[in-house]
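Trainee: Please walk me through this model one feature at a time. Start with a single residue, then build up.

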Amino acid sequence: MWQKLRRKYGDMKPATRYLDETIAIRNAIEISFLVLAERLHKIHTDSLWQDRYSTYREFLDEIRIKPATDSILRKVYET
């Protein structure tokens with residue numbers, strides 16, 4: 001992904017390129033968070049965690065997401 005950005009912005013001034021790459025990274029993070037929110041919602045709603053974990057909380061611990069963060073992400077997806 002970063003190589004594509006560098007090719008796309010290669011002829012710009014370094015500061016302009018750096019700013020544009022930062023914006024692209026931020027946009028990619030936002031999309032990733034939305035995808036994560038959707039996946040957490042499905043895992044929670046469909047109880048997909050039950051095949052590998054004793055509790056949903058155990059699953060969250062495994063992926064190092066706090067329950068409050070999980071709750072916020074799932075609420076974002078639901079809206």
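**Reading the model**

Mentor: Asp 46 counts as partly exposed, because its relative accessibility is 40%. The cut-offs are these: buried is under 20% relative accessible area, exposed is over 50%, and partly exposed is in between, with a 1.4 Å probe and protein chains only. This is a predicted model, so local features need pLDDT of at least 70 and side-chain atom pairs count only at pLDDT 80 or more, while totals for chains, interfaces and linings use all residues. Residues are numbered from 1 along each chain as its sequence is written, and side-chain values use heavy atoms, with hydrogens and water left out.

Trainee: What percentage of the 79 residues of the protein chain count as buried?

Mentor: The figure is 22%. The accessible surface comes to about 6,500 Å², and carbon and sulfur atoms hold 55% of that area. Such areas come from the Shrake-Rupley method with a 1.4 Å probe; for residues, only the protein chains shown count as cover.

Trainee: Back to Asp 46. With which residue does Asp 46 form a salt bridge?

Mentor: The general idea is that side chains of opposite charge can pair when their charged atoms come close. The rule asks for a side-chain nitrogen of Lys or Arg within 4 Å of a carboxyl oxygen of Asp or Glu. Asp 46 pairs with Lys 42, and their closest N and O atoms are 2.9 Å apart. Lys 42 is partly exposed, at 48% relative accessibility. By this rule the count is four salt bridges.

Trainee: How far apart are the closest N and O atoms of Arg 26 and Glu 30?

Mentor: That salt bridge has them 2.6 Å apart. Arg 26 and Glu 30 are four residues apart in helix 2, so about one helical turn separates them. Arg 26 is partly exposed at 47% relative accessibility. Glu 30 is partly exposed too, at 39%.

Helix 3 holds another pair. Asp 61 bridges to Arg 57, with closest N and O atoms 3.3 Å apart. Those two are also four residues apart, about one turn of the helix.

Trainee: How many residues does helix 2 have, and how far does helix 2 reach?

Mentor: The expected span of a helix is 1.5 Å times one less than its number of residues. Helix 2 has 32 residues and reaches 46 Å from first C-alpha to last, close to the expected 46 Å. Its buried residues are Glu 21, Ala 24, Ala 37, Leu 40, His 41 and Ile 43.

Trainee: Which residues form a nonpolar patch on the surface?

Mentor: A patch takes residues with over 30% relative accessible area and no salt bridge; like charges are joined within 9 Å, nonpolar side chains (Val, Leu, Ile, Met, Phe, Trp, Tyr) within 5 Å. Here Ile 25, Ile 29 and Phe 33 make one, with about 250 Å² of accessible area together. Phe 33 sits in helix 2 and is partly exposed, at 45% relative accessibility.

Trainee: Which are the buried residues of helix 4?

Mentor: Remember that an α-helix has 3.6 residues a turn, so residues three or four places apart point the same way. In helix 4, the buried residues are Asp 70, Leu 73 and Arg 74. Down the helix 4 axis they fall within an arc of 95 degrees, so they line one face. The arc is that of the directions from the helix axis to the C-beta atoms. The face turned away from that buried side carries the exposed residues Ala 68, Ile 72 and Lys 75.

Trainee: What covers the buried residues of helix 4?

Mentor: The cover includes helix 2 (14–45) and helix 3 (56–62). Take Arg 74, which is buried at 15% relative accessibility. Contact means heavy atoms within 4.5 Å. Setting aside neighbours within four places in sequence, Arg 74 is in contact with Ala 37, Leu 40, His 41, His 44 and Tyr 56.

Trainee: Now the loops. What is the phi of Ser 47?

Mentor: Phi of Ser 47 is near 50 degrees, positive in a residue other than glycine. Ser 47 lies in the loop between helix 2 and helix 3. Arg 64 has a positive phi too, about 55 degrees, and is not a glycine. Arg 64 lies in the loop between helix 3 and helix 4, and is exposed, with a relative accessible area of 76%.
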